[in-house]
Amino acid sequence: MKKLFLLIFFGITSTGFCQLKSRTFEEVDSLQQIQKRKMVVFIHTDWCQFCQRMKATTFKDPEIIEKLNSDFYFIDFNAEERRDITFANHTFKYRPSGNNVGVHELALQLGTINNQIAYPTLCVLNEKNEIIFQYNIYLGTKDFKTLLENLEK
């Protein structure tokens with residue numbers, strides 16, 4: 001009975017504590033030198049309800065977490081980040097557009113589709129930092145799993 005309890009306990013905790021590894025752009029630049037992988041960039045804001053829902057559901061799914069952690073570099077990127085970011089030998093800055101309002105240049109670079117940016121946006125980059133996929137609508141767990149499967153092909 002004790003062995004069964006331990007097996008169940010460790011089974012629950014090993015999946016229950018599975019966390020998504022989020023990297024910075026600077027980290028990915030270094031990691032690409034060691035192991036080439038595609039990057040999945042989740043561009044969001046704090047005020048976007050659909051972004052928060054994706055964080056609470058899609059990015060909490062154990063299968064998605066496992067796939068992103070093992071096969072991709074995942075970057076959780078707030079489009080209103082105010083710090084300078086150096087990525088692919090270029091420095092990107094926050095661009096204020098009013099009182100306490102603005103957007104980061106890198107969010108614009110990666111998330112603009114049809115001359116506008118909307119949230120949430122998923123941007124996938126290949127190993128050469130080239131955009132190979134962009135999508136700017138909420139993605140549920142099932143659709144996100146399908147996307148990841150297609151990205152591996």
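From the N terminus on, the elements of the protein follow the order α-α-β-α-α-β-β-β-β-β-α-β-β-α, a run that comprises 6 helices and 8 strands. The model is predicted, and the values below are computed from it. Of the 153 residues of the protein, 37% count as buried, and the structure holds 1 disulfide, which joins C48 to C51.

**Overall architecture and surface**

- Among the contacts in the protein with a separation of 6 or more, 62% are accounted for by residues 24 or more positions apart.
- The protein exposes about 9500 Å², and carbon and sulfur atoms supply 53% of this area.

**The disulfide and the cysteines**

- A disulfide is a covalent bond between the sulfur atoms of two cysteines.
- In this model the bond links C48 and C51, with an S to S distance of 2.5 Å, and the cut-off applied to such a pair of cysteine sulfur atoms is within 2.5 Å.
- The link of C48 and C51 is right-handed, with 85° about the S-S bond.
- C48 counts as buried because its relative accessibility is 4%, where buried means under 20%.
- C51, the partner of C48 in the disulfide, has a relative accessibility of 0% and therefore also counts as buried.
- C123 likewise has 0% relative accessibility, so C123 counts as buried.
- C18, by contrast, counts as partly exposed because its relative accessibility is 24%, a value that falls in the class between the limit of under 20% for buried and that of over 50% for exposed.

- When residues up to four places away in sequence are not counted, E26 touches R83, D84, I85 and T86.
- One of these residues, I85, lies 59 residues from E26 along the chain, yet the C-alpha atoms of E26 and I85 are separated by 7.4 Å.

Notes: Residues numbered from 1 in each chain as written. Predicted model: local features only at pLDDT ≥ 70, side-chain atom pairs only at ≥ 80, totals over all residues. Heavy atoms only, no water. Buried < 20%, exposed > 50% of the residue type's maximum accessible area, 1.4 Å probe, protein only. Contact = heavy atoms within 4.5 Å. Helix = DSSP H or I, 4+ residues; strand = E, 2+ residues; numbered from the N terminus. Areas by Shrake-Rupley, 256 points an atom, 1.4 Å probe, with all protein chains shown as cover.
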